[in-house]
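The following paragraphs lead through a two-part view of the model: its overall make-up and confidence, and then selected local arrangements. Please keep the structure open while reading.

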Amino acid sequence: MSGGSSTEREARFEQLFKETRSEILGYAVRRTRSPEDAADVLGETFLIAWRKLDTVPSGDEARLWLYGVARNVLRRGPAHENTLDIDRLAFELGEAVDTSRPEEENQTPELWGALERLPGPQRDVILLAAWEELTPREIATITGSSVNLVRVRLHRARAHLKRELANRSADNTRRRLAPTSDQAA
Amino acid sequence: MPIRPSTVERPFELLRRARPASPLPLTAGIDAALDELAQSITAETYSPLAPHVERRRFRPRVKVVVVVAAVALMAGGVATAAGVLPVYSGVFASGGNVDAGGPGENMNMAAPDFGSAALKLSSDIPYPAGYAAWRDWVVTEQAPGPGQATAGDQVTTGALRGWFAASAFCAWVQDWRQATLTGNTTEAAAAASTISAAPNWSAVTAEDPNPSALAPNDPGAEPGTLFGWLLPYRSAVLAGDSATVTHLLASGYGDGKCWLADPQWATALKAHPSWSRLAAHALGQRYRWFLADTRP
């Protein structure tokens, strides 16, 4: 799409926003630590989409394009002109969404630790697959890599997690079975 | 939620269950705030060149910048302070790493000579006449070298040979199917003989000594051991059942390996990105049309 009247551009953007905002917001919430950061990522992503509307692909490809933009924003941190009104969105997210990590509630600390220790590209693809429920082909489009490389990274990420969790489980078992100092005495 | 041994075996499922903000509640307040945000965005001057003037402090939940820095240091993935990244790392998989990533020596996919080393490594794996491009495809697309891989991307020699084995097997299945449909009985018999032996190829047994099509797998994945998917194709070929072979191909049976291995089909998929959202049966129908057009 190129050119078009102001009204047409706005209509196209609003349609795009309406169709994809929920998914991209969910992605932003899951990959940031605060409602402010999530609102920042969403705002910056769609601001880029607005500025580059002529190059945004049509149809479902637009959704993957937006994921790619949001991913880049997450990688470099949002940078906007401070004219976006994200305060209310951040407030509403803070009211309605629990953006804390399960780790902070003492849930699955082993999983979070293992996840943090994954190499970046592996972590990136396994979170896109597990949390955003994207297929390897969609992830390949978003990350600009081949499907096979995505599969390699997914495979290795699963294996890493499995190995780490198994080690942690074994450690826990050993700790439970180990005699305390009182028992040893 | 403590880690239990049963969940250790299914880390992907555990990760899915730990998905934060799931489902995302789109309250009336969030809806209204999103509408305001959209208005705020479209109030911006429409200019692709509008500059970014402020960078805020930002804390990503999952730090992905570490590898970005590593990639930058690698300057395209080939040069280090110590010199050129070697294709063979000198490190061999052992213990649990063999299950995870295959046997053999770890190869650096970002090494400049990864492609030539990969082709040499696969030279004993047979492809049918006319399918040389499929072997090259493994290197140029499926196992990309420095163009896409980062310094941390490694593949074992065993896994890489496995990729070639999967590619070659799929090529032989295509060759058999086409020979059968065109009445070339000699070629069909030769292809069937090769396909029959494929589960015993060293590249296969090194990774999967006992291929099974029914062994349980990760949630969301097809059942079967790593090369268990060969067996239904093999059975159909040995039964002379081209319809079943076509059905298996069209359904992407084997986690889509015969689609990934096919340069022409992969090109068609790239040319039609919207197909990635099609339902399985609709995509399968396109594959049938593709076969009818290219390999009648």
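Helices (H or I, at least four residues) and strands (E, at least two) are taken here as DSSP runs, numbered from the N terminus. The expected span of a helix is 1.5 Å times one less than its number of residues. Residues are numbered from 1 along each chain as its sequence is written, and chains are lettered from A and ligands numbered from 1 in the order in which they are written. This is a predicted model, in which local features need pLDDT of at least 70 and side-chain atom pairs count only at pLDDT 80 or more, while totals for chains, interfaces and linings use all residues.

The predictor assigns the complex an ipTM of 0.81 and a pTM of 0.52. Two residues are in contact if their C-beta atoms, placed from the backbone, lie within 7 Å. Where pLDDT is low, the predicted coordinates should not be read in detail.

Chain A contains nine helices and zero strands. Of its 185 residues, 50% count as buried; a residue is buried if 20 or more other C-beta atoms lie within 10 Å of its own, exposed if 12 or fewer, and partly exposed in between, with C-beta atoms placed from the backbone. Among contacts in chain A between residues at least 6 apart in sequence, 67% join residues at least 24 apart. Chain B has 15 helices and five strands, and 39% of its 296 residues count as buried. In chain B, residues 24 or more positions apart account for 63% of the contacts with a separation of 6 or more.

The strands of chain B include an open sheet of three in the order S3-S4-S5, with antiparallel pairing. Its edge strands are S3 (88-92) and S5 (154-156) of chain B, each of which pairs on one side only. Neighbouring strands of this sheet are turned by 30 degrees against each other on average, direction ignored. Strand S4 (residues 105-108) of chain B is joined to S5(B) in the antiparallel sense over three bridges, where pairing requires that DSSP find at least two bridges between the strands. Asn106(B) stands opposite Thr156(B) in S5(B).

Across S4 and S5 of chain B lies H8(B), running at about 80 degrees to S5(B). Axes are lines fitted to C-alpha atoms, for helices over the stretch in contact, and angles run from 0 to 180 degrees between N-to-C directions. Helix H8 (residues 157-181) of chain B has 25 residues and reaches 36 Å from its first C-alpha to its last, close to the 36 Å expected. Because 23 of the 25 residues of H8(B) are buried, this helix is largely enclosed by the rest of the structure. Gly183(B), which follows H8(B), has a positive phi near 80 degrees.

A helix pair can be examined next. Helix H12 (residues 242-250) and helix H15 (residues 280-294) of chain B pack at an angle of about 125 degrees, with their axes 9 Å apart. H12(B) and H15(B) are therefore oblique to each other; angles under 35 degrees count as roughly parallel, over 145 as roughly antiparallel, 65 to 115 as roughly perpendicular and the rest as oblique. Thr246(B), Leu249(B) and Ala250(B) of H12(B) make the contact with Gly284(B), Tyr287(B), Arg288(B) and Leu291(B) of H15(B).
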